[in-house]
Amino acid sequence: MDTPLQAGRRWQKEGLKKPEGYYPKEVGEELARTGKDAPTMREIARRAEQQDPRGPYGLDSKETPQYTSIGKGDSIKIGKKADGSDVASRHAILFAGNANRRRHWNNLQRMYDALKKQGFTDGDIIALAGNGKTMPNGTNVPSYVDGPGTKKALYEAIVNVSKKMNKNEQLVFWVSDHGNRERIENSLIKSILDPVRQPVPPKRTAKRPGQISWDLDEEFLKVVKLDPNNQPYVSILVEATPEVAEYGEKMFRNIVLYMNGQMLELTMVEPIIAYDDEPDLDAFELVYYVDEGLLTQENLIEVAWLGEPEEFIKYSITGLMISTGGVNEFEYPGDEDAPRYEPTLFDRLRDYVDVYNENLGEMPGFIGMLAGNERIALEIALDNSSVLNIGVVTSEGRITEFSEGKLEDPTLRVWTDESTVNAILDSDDPAGSAFYALKRGYIRYSGVGTIKKLRVAGVKVIIRIYRIAEVMGDIVG
């Protein structure tokens, strides 16, 4: 796995201008194509797969995007039926559940922009993300966000849109959320009949007769430890009987879980709607965060009542889940909580060394005269009034060493400023931009020692000739 700084360099090298998911970026760009360039669903999937730098055709193959369709789904385009005719109307649901990083909001924004380019109005789009109010940096969510990225809000959105659907309608459903691994047993049907602390038995996980622990395999436990910021949890589904629904929060705060003897505090309660085929309130999910150090291969889970015995309300647990939580393999630089990973000017220059060496043959001939076999002390005046010193060692024009700090015993000194360097690095033709900066005097240089000064003076004459020829060309037209 890359370090955050390596990830930052990779992120910039692969053409991302802001923190985004690689594959969602490619999909969003394809969806934004309109008119004759508008691709079909199959073309979108295939092109995105090929252009994803971390996909199966890229250098890393860290992602494995997949695509499937039924019927004539391959031929569908945004706003079009499979036969190419226009749809009468269209709707979209955009869902980003636990959107706790800036890249998640950038993914959502890209998809929203793509739909707007396709002619969708804000009235056509339902966007649900995060808590529906604030982004990770504390600022308000974009105005097009309609609510939180919860199961309840998603179900209500689907019900809402379904009332408007017809055979000439198109629905775009886009989901982006953290993945996790879960050990779950549904239909547990454990009736809690009294307030005494008691185990919640597994249904089929016990390895031995009479065993009452929940078993986790080694792979599950390894995944938990992948991310130090990961938050595993245990949750139970409490059946939404009329009595339970009536008392709600007053009742739930008295239900506690014990994991291997340690009490877990209730963190969140979320209603489960349409858990079965009926569109009604079926259960409440009670979520309890757990210290990953408590998780072992065999785990005893118990339930207890913290309130007064006379306040106890009978209830049934219909399911139990042990989850790794959201596990992130890669954190993108630029997230609000990781500003230290932003690539520096030195990082950007160092990343360009390989590009320079690979294209050395296309450089003007005087480059070999100027920087063929040298020890170059580069000084860059930064915008904050400080100076960035870089040492560069070359052999036959190629850069063999590139280090931050002052270089001892230089044979050539070079001066420039931060804005000139950024202009060169951001240019579509860095070599041409650097030559332009040399001709204009934005990059200054001087040899160290008499012989070197004479050689550098010769190079300056050559560059002046280039400049004079350029000016004459402008005059003559």
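Predicted model: local features only at pLDDT ≥ 70, side-chain atom pairs only at ≥ 80, totals over all residues.

Reply: The partner of Asp 122 is Lys 116, and their closest N and O atoms sit 3.4 Å apart. Lys 116 comes out at 34% relative accessibility, so this residue is partly exposed too.

Beyond that pair, some bridges share partners: Glu 20, Lys 25, Glu 26, Glu 29 and Arg 110 are tied into one network that way. The count for the model is 12 salt bridges. As a general point, side chains of opposite charge can pair when their charged atoms come close.

Let's zoom in on one link of that network. Lys 25 and Glu 29 meet through their side chains, with 2.9 Å from N to O. Both belong to helix H2, and because they are 4 residues apart there, about one helical turn separates them. How open are they? Lys 25 has a relative accessibility of 10%, so it counts as buried, the cut-off for buried being under 20%. Glu 29, at 31%, is partly exposed.

Now for a bridge that reaches further. The side chains of Glu 30 and Arg 47 make a salt bridge at 3.2 Å, N to O. This pair connects distant parts of the chain, since Glu 30 sits in helix H2 and Arg 47 in helix H3, 17 residues apart. Arg 47, with 29%, is partly exposed.

So how do the two helices themselves lie? The axes of H2 (residues 22-31) and H3 (residues 41-51) come within 9 Å of each other, crossing at roughly 140°. That angle is why H2 counts as oblique to H3; to be called roughly antiparallel, the angle would have to be over 145 degrees. The crossing of H2 past H3 is right-handed.

For contrast, here's a spot on the surface made of nonpolar side chains. Ile 158, Met 165, Leu 171, Phe 173 and Val 175 form a patch there, and together they have about 420 Å² of accessible area. Strand E4 (residues 169-176) contributes the most, with 3 residues. Phe 173 lies in that strand, and its 44% relative accessibility is why it counts as partly exposed.

Note on methods. Residues numbered from 1 in each chain as written. Heavy atoms only, no water. Patch = residues over 30% accessible without salt bridge, like charges linked within 9 Å, V, L, I, M, F, W, Y side chains within 5 Å. Areas by Shrake-Rupley, 256 points an atom, 1.4 Å probe, with all protein chains shown as cover. Salt bridge = Lys/Arg side-chain N within 4 Å of Asp/Glu carboxyl O. Buried < 20%, exposed > 50% of the residue type's maximum accessible area, 1.4 Å probe, protein only. Axes fitted to C-alpha atoms, helices over the stretch in contact; angles between N-to-C directions. Parallel < 35°, antiparallel > 145°, perpendicular 65-115°, else oblique. Left-handed = near helix turned anticlockwise from the far one by under 90°.
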